[in-house]
Amino acid sequence: MGKFFTPVCHECPSRNTPLMGCCQAEELDFISANKVSHRFQKGQHIFQEGGPALGLHCVQQGKIKITKVSGDGKEQIIRLAKGGDMLGFRSVLAGPHYSTSAVALDDCVVCFIPRADFYRLWQSNLQFSTSLMHMMARALGEAELQMLHLAYKPVRERLAGALLLLQRTFRQPGDAGPFSTSISREDLAALVGTAKETATRLMSEFKEAGIVATRGSQVTILKPDKLNQLASLYD
């Protein structure tokens, strides 16, 4: 995979987010001196549900799924993450264990900030703590909306919404062409909250209608407006 270079906090995508954007130069220097950077391959866990919440995870690059296992043992994808996103902040603040798992969807670089260092920053920087509360409130609102969609929206409409979520999350800035990404049918089903067979059948229908194009795990969105119409039918 080539030589690994530890990311520099001042040049990280997280530096431009509302949370890390609150940090002063000396605080970034402190984080840089204490963080640990890791490279994860596709399918590897960054952290696991039920494990000790030892710190905050900053995504430097790559695509990640945040999952939770239901009572019947099925995996549900509750969030997607990319470079610049923070992971595990709610568990670090709320309890001793991670309430979700984070798994690499492709090769990723993630930096780990120990819990004690995160708390030091949280307690000393009012802007940082305020931004963190806003982030948690937004995450709660998104979780509530997803619960409503799972309860009331048919699977076809949820699949359309999931494809749009992939586009919103992973589209590169300035990319004007059709959005394309790689996602397994298992992961797509876990994102929608349905069986793999159902997701596969509906994707075939979307393909026949010219809404998407597929090649193996590669999905290309051809008609985002049509997906938006489907996703909004029950709003």
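Predicted model: local features only at pLDDT ≥ 70, side-chain atom pairs only at ≥ 80, totals over all residues.
Visitor: What is the secondary structure of the chain?

Guide: The chain has eight helices and 11 strands. Its radius of gyration is 19 Å, close to the 18 Å given by the globule rule for 235 residues, so the chain is as compact as a globular protein of that length. Along the principal axes, the C-alpha trace spans about 55 × 40 × 30 Å.

Visitor: Of the contacts between residues at least 6 apart in sequence, what share joins residues at least 24 apart?

Guide: That share is 72% in this chain.

Visitor: Now the sheet. In which order do its four strands come, and is the pairing parallel or antiparallel?

Guide: The general idea is that strands of a sheet pair through backbone hydrogen bonds, either parallel or antiparallel. Here, the order is β2-β7-β4-β5 in an open sheet, and the pairing is antiparallel.

Visitor: Which strands stand at the edges?

Guide: Those are β2 (45–47) and β5 (75–81); each has a single partner strand, so one side of each is left without a neighbour in the sheet. From one strand to the next, the twist averages 35°.

Visitor: Over how many bridges do β2 and β7 pair?

Guide: Two bridges join β2 to β7 (residues 101–104), in the antiparallel sense. To find one on your screen, look for Phe47, whose bridge partner in β7 is Ala102.

Visitor: Which helix lies across β4 and β5?

Guide: That is α6 (residues 185–192), which lies across β4 (64–69) and β5 and runs at about 90° to β5.

Visitor: What is Ile46 in contact with, leaving aside its neighbours within four places in sequence?

Guide: Its contacts are Phe40, His57, Ile64, Ala102, Val103, Ala104 and Val110. You have already met two of these names: Ile64 was listed with Ile46 in the core, and Ala102 is the bridge partner of Phe47.

Visitor: How many residues are in the second, separate core?

Guide: That one has 26 residues, including Ala162, Leu164, Phe170 and Leu191.

Key
Residues numbered from 1 in each chain as written. Heavy atoms only, no water. Pairing = 2+ DSSP bridges. Axes fitted to C-alpha atoms, helices over the stretch in contact; angles between N-to-C directions. Contact = heavy atoms within 4.5 Å. Rg over C-alpha atoms; globule rule 2.2 N^0.38 Å. Core = buried A, V, L, I, M, F, W, Y, C linked by side-chain atoms within 4.5 Å. Buried < 20%, exposed > 50% of the residue type's maximum accessible area, 1.4 Å probe, protein only.
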